[in-house]
Amino acid sequence: MELASSGEDVAARWRHDPEDAIALVQELVANGEFTEDEVLNDAVDSAVLTGLLTLQEVRTASDLESCPLRIMERAARRRVPR
């Protein structure tokens with residue numbers, strides 16, 4: 001598994017089941033492929049990037065009344081890998 005996808009997976013799992021996200025971090029670190037810092041930093045990067053992209057989409061929206069709905073839909077679309 002690549003570091004980028006690992007971070008995305010951790011961030012997505014954290015929203016739905018933090019214990020599952022912690023278990024994934026421990027699993028990734030246990031095999032020695034990544035450090036905790038690497039995985040958690042990438043998870044934060046993934047969450048921030050998703051937030052920024054969503055805010056950019058909302059900022060350029062012509063229908064401002066739909067903006068809160070767009071933010072909620074974007075958050076709900078984040079996949080939870082299994």
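Which residues of H3 are buried? Keep that in mind; the tour ends there.

**Before you start.** This is a predicted model, in which local features need pLDDT of at least 70, side-chain atom pairs count only at pLDDT 80 or more, and totals for chains, interfaces and linings use all residues. Numbering runs from 1 along each chain as its sequence is written, and side-chain values use heavy atoms, with hydrogens and water left out.

**Select 18-30.** This is helix H2, with 13 residues. Helices here are DSSP runs (H or I, at least four residues), numbered from the N terminus. At 1.5 Å a residue, H2 should span 18 Å, and its end C-alpha atoms are 18 Å apart, which agrees. The expected span is 1.5 Å times one less than the number of residues.

**Colour H2 by burial.** Asp 20, Ala 21, Leu 24, Val 25 and Leu 28 are buried. Looking down the axis of H2, these buried residues fall within an arc of 140 degrees, so they line one face. The arc is taken from the directions from the helix axis to the C-beta atoms. Turned away from that side are the exposed residues Glu 19, Gln 26, Glu 27 and Ala 30. Buried means under 20% relative accessible area, exposed over 50% (1.4 Å probe, protein chains only).

**Step to Gly 32.** Gly 32 follows H2 and has a positive phi, near 80 degrees.

**Select 36-59.** The 24 residues of H3 should span 34 Å at 1.5 Å a residue; the end C-alpha atoms are 34 Å apart, in agreement. Now the opening question: Val 39, Asp 42, Ala 43, Ser 46, Thr 54 and Val 58 are the buried ones in H3.

How values were computed:
Helix = DSSP H or I, 4+ residues; strand = E, 2+ residues; numbered from the N terminus.
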